[in-house]
Amino acid sequence: MQQNSRHQLSLLARRPDVVTDILQVVKTVIAATGAWWLSDNVLNSQMPFLAPWAALLTVHATVHRSLSRGAQSTIASTLGVALSFVIGNYLGVSVWTFALALLVGLAAARLPWIRDEGIAIATTGIFVLGSGFDSQQPFLGERILELCIGVAVGIVVNLLVIPPLRDQQAARYVDSINRRMGDMLVDMADELDDGWETAEADGWFKETESMSHELNSAWQSVRFARESQKANPRDRLRRKRIPSGEAQDSQTSSEDASYENILQRVDEGISHLRHLTRTLREGSYENGQWDTRFREQWTSVVRDAGRAIADPDAEVEPIYQRLEELSVRMAEDKGLPERSWPLYGSLIASMQHIAVIVDDVASARSARESG
């Protein structure tokens, strides 16, 4: 049991999202501690907590966000210091002026261009007015300098200490959804080999809804991955290592096989899969048995489609062509009850849509991984 726990911990420690979170904590500690040391030992500041506080606010999950939020933090904190010195100098420090500083700071925090870090206006005012304003009054420039040092240290640490790239997390989400779609199709084929029950169709429908929720998380992760590449020296160094010709081919293939394109196709696949489960659920209420030949051939196609979308390296016969051949054979079969065709036709049409998406997703994954 202890060995199993160690194995689980080892797998957890190798997950890209866990590694990124751990690195983010470490970098934040380094940035805040370094900013405090500079403020306390180099500047001999009487308020050495301003620099580490600014550094703490600046180390974000991506370099681009650290730069943009760092700029906002600098502006907001500077406004907070200036506001505190104006109110403290002209109105003095009292309960009412303290409340006035907070009121103005919180109102200014709603400005669109510093909304993300606007709360720093009010919090900086609290620090300055609440830590002995009379002794701090002559040092307005030093307070602003400390804040700038904190922001600069945070940005430098996030640039130099393994700048985060979230592409592995995005790939993990995309591949997870592909596997779930493929596993569901394989499970559906196994169950339908012997017929179906309403409860099973309901379970498949709920699974497609769960996939849609995971797809939303995948979109967020992909957007995060794109943001993590902006202003990231790791991404630029990685591209420089690739020869120019290969880099151009890789860029072309990655554009064609981008996460966004894959997720759009997967979203369509989930929609058709949901329609397929609705058809099966409605068909389970009807009397009569499946035509054995249709059931065996159709479930074989469904199973192979599942294998192909879960594993692009799986060797299966062309799915769309097999569906066309199945449709022709069933149409030529005079013994097939006419009232069965609306159900069978809907099942074939849904799988034809999914088959096209399966091919697109599988080829896109192969291009992305080779690139």
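**Salt bridges and helix packing in the predicted model**

Arg 265 and Glu 268 form a salt bridge in which the closest N and O atoms are 2.4 Å apart; a salt bridge is defined as a side-chain nitrogen of Lys or Arg within 4 Å of a carboxyl oxygen of Asp or Glu. The structure is a predicted model, in which local features need pLDDT of at least 70, side-chain atom pairs count only at pLDDT 80 or more, and totals for chains, interfaces and linings use all residues. Residues are numbered from 1 along each chain as its sequence is written, and side-chain values use heavy atoms, with hydrogens and water left out.

Arg 265 and Glu 268 are separated by about one helical turn because they lie three residues apart in helix α13 (residues 259–283). Helices are DSSP runs (H or I) of at least four residues, numbered from the N terminus. An α-helix has 3.6 residues a turn, so residues three or four places apart point the same way. Arg 265 is partly exposed, with a relative accessible area of 22%, and Glu 268 is likewise partly exposed, at 36%. In this classification, buried denotes under 20% relative accessible area, exposed over 50%, and partly exposed the range in between (1.4 Å probe, protein chains only).

Seven salt bridges were found in a search of the whole structure. In one of them, Glu 214 pairs with Arg 180, the closest N and O atoms being 2.6 Å apart. This pair links distant parts of the chain, with Glu 214 in helix α10 (residues 198–229) and Arg 180 in helix α9 (residues 167–192), 34 residues apart. Both Glu 214 and Arg 180 are buried. A network of salt bridges links Arg 180, Glu 207 and Glu 214.

A further salt bridge joins the side chains of Arg 322 and Asp 304 (2.7 Å, N to O). Here too distant parts of the chain are linked: Arg 322 belongs to helix α15 (residues 319–332) and Asp 304 to helix α14 (residues 292–310), 18 residues apart. Arg 322 and Asp 304 are both buried.

Helices α14 and α15 pack at an angle of about 170 degrees, with their axes 10 Å apart; axes are lines fitted to C-alpha atoms over the stretch in contact, and angles run from 0 to 180 degrees between N-to-C directions. The two helices, α14 and α15, are therefore roughly antiparallel, a term applied to angles over 145 degrees. Contact (heavy atoms within 4.5 Å) involves residues including Phe 294, Trp 298 and Asp 304 of α14 and Arg 322, Leu 323 and Leu 326 of α15.

Key:
Angles under 35 degrees count as roughly parallel, over 145 as roughly antiparallel, 65 to 115 as roughly perpendicular and the rest as oblique.
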